[in-house]
Amino acid sequence: MDEAQRRRWHQQHVASWLQLAATLRTEGWEAQVTCSAAPVQIEGSLLNGDRFYFRARHSDVSLSIGGDDPADIPEWEDSESHQEASYLPAAAGEAIIRRLARRYLSDVS
């Protein structure tokens, strides 16, 4: 991949993550992309107001929820493996963040 292709890929990658965050916000989540690659990170709050930290790095994708700082010492955390998670596509990330959030909500209810 040449430099122009890499730049285009990166712009599309970032745009897809920003679109996912916007979609989550329309559903009532608070979500902000804080890093779009190596690692991919989204921070915010779930529909119920619980703060979360989503991170995809190396081969691990995790969702940490609750506590004073979910990125540091969360009350709940779960993860899934994903090859090349540091550059996780937003479509795959959406499926994982939703699946992990459902797991959290079923654990706390």
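**Close-up 1. His 13, a buried residue of helix α1.** His 13 has a relative accessible area of 6%, so it counts as buried (under 20% relative accessible area; exposed means over 50%, partly exposed in between; 1.4 Å probe, protein chains only). His 13 sits in helix α1. Helices (H or I, at least four residues) and strands (E, at least two) are DSSP runs, numbered from the N terminus. Residues up to four places away in sequence aside, His 13 touches Ser 36, Ala 37, Val 40, Tyr 87 and Leu 88. Contact here means heavy atoms within 4.5 Å. This is a predicted model: local features need pLDDT of at least 70, side-chain atom pairs count only at pLDDT 80 or more, and totals for chains, interfaces and linings use all residues. Residues are numbered from 1 along each chain as its sequence is written, and side-chain values use heavy atoms, with hydrogens and water left out.

Close-up 2. Ser 36 is found in strand β1. Its relative accessible area is 14%, so Ser 36 is buried. Beyond its neighbours within four places in sequence, Ser 36 is in contact with His 10, His 13, Val 14 and Trp 17. Val 40 belongs to strand β2. Val 40 is buried, with a relative accessible area of 0%. The contacts of Val 40, not counting residues up to four places away in sequence, are His 13, Trp 17, Cys 35, Phe 54, Arg 55, Ala 56, Ala 85, Ser 86 and Leu 88. One of these, Ser 86, is 46 residues from Val 40 along the chain. The C-alpha atoms of Val 40 and Ser 86 are separated by 6.0 Å.

**Close-up 3. The cis peptide bond between Ala 38 and Pro 39.** Omega is about 5 degrees at this bond. Pro 39 lies in the loop between β1 and β2.

**Close-up 4. The aromatic pair of Trp 17 and Phe 54.** The structure holds four aromatic pairs. Rings of Phe, Tyr and Trp (its six-membered ring) pair if their centres lie within 6.5 Å; planes under 30 degrees apart count as stacked, over 60 as edge-to-face and the rest as tilted. Trp 17 and Phe 54 form a tilted pair, with 6.1 Å centre to centre and 40 degrees between the planes. The pair links distant parts of the chain, 37 residues apart. Trp 17 lies in helix α1 (residues 3-26), and Phe 54 lies in strand β3 (residues 51-57). Both Trp 17 and Phe 54 are buried.

**Close-up 5. The aromatic pair of Trp 29 and Phe 52.** The ring centres of Trp 29 and Phe 52 are 5.7 Å apart and the planes are at 85 degrees, so this pair is edge-to-face. Trp 29 is in the loop between α1 and β1 (30-36), and Phe 52 is in strand β3. The pair therefore ties together parts that are 23 residues apart in sequence. Trp 29 counts as buried because its relative accessibility is 8%. Phe 52 counts as buried at 2% relative accessibility.

**Close-up 6. The largest nonpolar core, with 25 residues.** A nonpolar core is a set of buried Ala, Val, Leu, Ile, Met, Phe, Trp, Tyr and Cys residues joined through side-chain atoms within 4.5 Å. Trp 17, Ile 42, Phe 52, Phe 54 and Leu 63 touch the most other members. At least two residues of this core come from each of α1, β1, β2 (40-45), β3, β4 (60-65) and α2 (90-108). Helix α2 gives the most, with six residues. In soluble globular proteins, nonpolar side chains tend to be buried together.

**Close-up 7. A nonpolar surface patch of Met 1, Trp 9 and Tyr 87.** The patch covers about 350 Å². Accessible areas come from the Shrake-Rupley method with a 1.4 Å probe; for residues, only the protein chains shown count as cover. Patches are made of residues with over 30% relative accessible area and no salt bridge; like charges are joined within 9 Å, nonpolar side chains (Val, Leu, Ile, Met, Phe, Trp, Tyr) within 5 Å. A salt bridge is a side-chain nitrogen of Lys or Arg within 4 Å of a carboxyl oxygen of Asp or Glu. Trp 9 is found in helix α1. At 32% relative accessibility, this residue counts as partly exposed.

**Close-up 8. His 58 and Glu 84, with positive phi.** His 58 is not a glycine, yet its phi is about 55 degrees. His 58 lies in the loop between β3 and β4. Its relative accessibility is 55%, so His 58 counts as exposed. Glu 84, also a residue other than glycine, has phi near 55 degrees. Glu 84 is found in the loop between β5 (76-81) and α2. Glu 84 counts as exposed at 57% relative accessibility.
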